[in-house]
Amino acid sequence: MKAPVIADEREIGQALDAASADAGHIREIIAKARELRGLSLNEAAALMSFQDPDLEAEVFEAARDVKLAIYGRRLVLFAPLYVDNHCANNCLYCAFRRDNSELARRTLSLEEVAQEVRLLENQGHKRLLMLMGEDSRHCSLDHFIRAIETAYATRTDKGEIRRINVEIAPLSVEDFRRLKAAQIGTYVVFQETYHRDTYKEVHPTGRKADYEWRVTAMDRAMQGGIDDVGIGVLFGLYDWRFEVLALLMHARYLQRTFGVGPHTISVPRIFPAKNAPMSYRPPHPVSDAEFKRIVAVLRLSVPYTGMILSTRENPELRHQVFNLGISQISAGSRTNPGGYVAGREHSPEDEQFSLGDTRKTDDVIRAIVEQGYIPSFCTGCYRLGRTGQDFMDLAKPGLIQQFCLPNAILTFQEYIEDYASEETRQAGESLIESVLQDVPTQARQSEVRQRLDRIRKGDRDLFF
Ligand code: SAM
Ligand code: SF4
């Protein structure tokens, strides 16, 4: 069977070449984006083609308005959990690469996984992203699936993990079925770069050297029954404008082929990784200003697709891009297996890359609250089976305010009761009061108030 063309380089090149920076044209595109209908490839290309700061401010303002219309003042929180850092691949930008002989390699035992999970639960986390390198001699899919089962089964006094997303190398349809049976939420994998020649250069050996196998991962995931998938690129490997259009093409391809687009898009940039020379001097570095444009253009182009930001970025920039379209963030992260154990945090000996945001989870949460956003630990849709197209049907402005906002409020109240510092509690209580006004209909508001009371009295896990 002929492989599908998921990101057509010629079409992307043509869209970039044809992009018009005419101010009138750009304003028409912004007006269209404000109608929440998304943008074509050519329109997205145009929004990335001009330098004018006034026009850029208009793009940012539209991105903020679109984000508020669809997601409201919510930010969903999660934490990564690395099960293993062995890898048979040799990605030139990653510290886990096979040729990095100085990395301290480690595969967590199930007891160690449980220990990490308890530490994350004690910070208030309810959603995990579980990851590993790609070397089945050290960490097989069997072991990884047992690690997922262990994480779901590990409970502390008030803590439990309610949703586990997974970011591992592409699998066969059969193995994706097994992952689905392990009750995962979203399957995430980044293409790294959609530009074939660059892909070849930066992935010299190992399974990952096969572009086609990676770019078709989501097809197999869908065929294996996983209808929530997350795509992304590693910004810095190739021209960011090309990559943004390629992401949009991939999103459209999934929509066209499977009737549902990606659940999320991630926007990682390359950061320094020990013994990974390319990470220190990426071939196509992306500035902070360009990064903001990337987030804003994606938000306007695929308004209903969640957008994920990690702790690679520093706090200041993170807070700026929350306003431009980010809907999910990690907090309190470690990128080394076993990194949540005290004394093992941020260790260059075994971490994947260095982090820009090393604040504690509670400090991140308080800063979010001070910015007017409500942190959400909600897992309601996934647990009620609202995934894939069912989720997309819900992801309409009014409905999100009916379901997601109340669920954000309720899960944040749990956090306040169980884990928040005094300062965060105070800031959080007053934010909840103000955000309650955004819940549509008096009836729903009073339902939320009743459930808040129940949570204050000790009930947990209430959602719509
Ligand atoms: N090993 C699997 C894979 O490559 O798909 C699982 C994910 S890997 C643990 C997580 C992601 O980290 C990679 O897809 C890559 O985009 C990102 N990454 C690797 N090195 C990085 C660096 N120096 N800076 C930022 N992100 C990096
Ligand atoms: Fe291995 Fe993934 Fe790192 Fe590549 S990015 S070396 S595949 S862990």
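**Ground rules.** I worked with a predicted model, in which local features need pLDDT of at least 70, side-chain atom pairs count only at pLDDT 80 or more, and totals for chains, interfaces and linings use all residues. Residues are numbered from 1 along each chain as its sequence is written, chains are lettered from A and ligands numbered from 1 in the order in which they are written, and side-chain values use heavy atoms, with hydrogens and water left out.

**Entry: H2 and H4.** I looked up how helix H2 (residues 23–33) lies against helix H4 (residues 53–71), and found an angle of about 5° with the axes 10 Å apart. Helices (H or I, at least four residues) and strands (E, at least two) are DSSP runs, numbered from the N terminus. Axes are lines fitted to C-alpha atoms, for helices over the stretch in contact, and angles run from 0 to 180 degrees between N-to-C directions. H2 and H4 are therefore roughly parallel to each other (angles under 35 degrees count as such). On the H2 side I noted Ala23, Ile26, Arg27, Ile30 and Ala33, and on the H4 side Leu55, Glu58, Val59, Ala62 and Val66; contact means heavy atoms within 4.5 Å.

**Entry: H5.** Helix H5 (residues 110–121) has twelve residues and spans 16 Å from first C-alpha to last, close to the 16 Å expected at 1.5 Å a residue. The expected span is 1.5 Å times one less than the number of residues. I listed Val113, Ala114, Glu116, Val117, Leu120 and Glu121 as the buried residues of H5 (under 20% relative accessible area, with a 1.4 Å probe and protein chains only). Seen down the axis of H5, these residues fall within an arc of 160°, so they line one face of the helix; the arc is that of the directions from the helix axis to the C-beta atoms. They pack against strand E1 (74–82), strand E2 (127–131) and helix H6 (141–153).

**Entry: glutamate 313.** I found glutamate 313 in the loop between strand E7 (306–309) and helix H14 (315–322). Glutamate 313 counts as buried, at 3% relative accessibility. Leaving out residues up to four places away in sequence, glutamate 313 touches Arg269, Phe271, Phe291, Arg318, Gly356 and Asp357.

**Entry: positive phi.** Most residues other than glycine have a negative phi. Glutamine 183, in the loop between helix H7 (173–181) and strand E4 (187–188), has a positive phi near 70°.

Methods: Parallel < 35°, antiparallel > 145°, perpendicular 65-115°, else oblique. Buried < 20%, exposed > 50% of the residue type's maximum accessible area, 1.4 Å probe, protein only.
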